[in-house]
Amino acid sequence: MRWDAQRVETEEGRSLPGLEVERVRTFDAPEALGINFHEVRAKSALNKVPGDYLPFNYTVNAFRGCSHACTYCFARNTHTYLDLDAGRDFEREIVVKVNVPELLRAELSRPSWKRELVAFGTNTDPYQWAEGRYELMPPMLEALRDTRTPASVLSKSPLPLRDLDLYLALAEVADVSVNFSVPTLDEKIWRQTEPHTPHPRKRLEAVAKFNEAGIPSGVLVAPLMPGINDSPDLVEEIVSLAEEAGATFVNGIALHLRPGVREVFMSWLSSARPDLVPRYEDLYDGRAYAPSAERKRIGSLVRSSSRSTDPRYRRRDQVAARRLARERSRAERESPQISLF
């Protein structure tokens, strides 16, 4: 079935349960492992983050659901808001907000917009399989560039390399970083826990390519799951390769199990690692987060990484210096001139 052979008119006026926006069309793509795609027209692109506990105030999520099918994905429960389940539906019923690029451009162009940091990849992966077909990120990066809006991206795919030229253009006018999640390099654990993601070593290769090109790129070793991917040797291999790739940071985060993902993860654990079920029932008894001592142990596995001074990554500083020079020049031009006469 060809994607461009679908008729929009057949779905106009309909909406998904639990999603008060217009549905454009729904169809399956056999080449995408039987996934159903629900195209909708959203009402807004920017999501305001409540509180001040995160380093960003705005996010953009062009997709609901994620075909990566990670067993531990904290975003699974959001699918229940659509009257879909957090298990198979989250992986197979993907909502695509097809009008997000134009909405984002309009919202970033408002006189009231203060060019705050916008984060991508905080809920589902902006570079999951569907992005290769929909190509929603390029026009959004162009909107960020044209409005000098800083951005950060987190992905489990090397697909951001497709947009490297756009990231370089954005970096000339605003801060931008493209970061990658690499929970494990163990082949068996990778296939068990994130079955439809690109190979984690490809992500580390992308880290190096972004840093070489001048775009800061770091590594998030997360989640770290007790008894699964928290072996010191496994973690150290990731940290070492991340440093070789010039990673601007390497951080580790312990698994957390909120309602929705907890049921999916524990079901998988019962099948794949029944020996660990009692340990997890104890660690996460009545709580979404592991006890403080366990989180501290997990965090200590990831040693701090120094920003690489390898000459291959010198261009990051060159790009940043050019941007700062432009900002100073612009500020001088726009500052009011004081006259004594």
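**Reading helices and burial**

Modeller: Let's start with a helix pair: the axes of helix 2 (residues 100–108) and helix 4 (residues 137–146) come within 9 Å and cross at roughly 10°. Axes are lines fitted to C-alpha atoms, for helices over the stretch in contact, with angles from 0 to 180 degrees between N-to-C directions. Helices (H or I, at least four residues) and strands (E, at least two) are DSSP runs, numbered from the N terminus. This is a predicted model, so local features need pLDDT of at least 70 and side-chain atom pairs count only at pLDDT 80 or more, while totals for chains, interfaces and linings use all residues. Residues are numbered from 1 along each chain as its sequence is written, and side-chain values use heavy atoms, with hydrogens and water left out.

Colleague: How are helix 2 and helix 4 oriented to each other, parallel or antiparallel?

Modeller: Angles under 35 degrees count as roughly parallel, over 145 as roughly antiparallel, 65 to 115 as roughly perpendicular and the rest as oblique. Helix 2 and helix 4 are therefore roughly parallel.

Colleague: Which residues in helix 2 and helix 4 meet?

Modeller: Contact means heavy atoms within 4.5 Å. From helix 2, Val100, Pro101, Leu104, Arg105 and Leu108 meet Pro139, Met140, Glu142, Ala143, Leu144 and Asp146 of helix 4. By class, that contact of helix 2 with helix 4 has eight nonpolar, no polar and three charged residues. Here Ala, Val, Leu, Ile, Met, Phe, Trp, Tyr, Cys and Pro are nonpolar, Asp, Glu, Lys and Arg are charged, and the others, Gly among them, are polar.

Colleague: Is aspartate 146 buried or exposed, or in between?

Modeller: Buried means under 20% relative accessible area, exposed over 50%, partly exposed in between (1.4 Å probe, protein chains only). Aspartate 146, in helix 4, is partly exposed at 43%.

Colleague: What about helix 5?

Modeller: Helix 5 (residues 164–171) is mostly covered, with six of its eight residues buried: Leu164, Leu166, Tyr167, Leu168, Leu170 and Ala171. Those buried residues pack against helix 4, strand 8 (151–155), strand 9 (176–181), helix 7 (200–213) and helix 12 (315–334).

Colleague: Which residues of helix 9 are buried?

Modeller: Val261, Phe265, Met266, Trp268 and Leu269. Down the axis of helix 9 they fall within an arc of 160°, so they line one face of the helix; the arc is that of the directions from the helix axis to the C-beta atoms. They pack against helix 6 (187–193) and helix 10 (277–283).

Colleague: Where does methionine 266 make contact, leaving aside its neighbours within four places in sequence?

Modeller: With that limit, methionine 266 is in contact with Val277, Tyr280 and Glu281. Its C-alpha atom is 8.3 Å from that of tyrosine 280, 14 residues away along the chain. Methionine 266 is buried, at 15% relative accessible area.

Colleague: And what does the protein chain come to in secondary structure?

Modeller: The protein chain has twelve helices and eleven strands. Buried residues make up 51% of its 341 residues.
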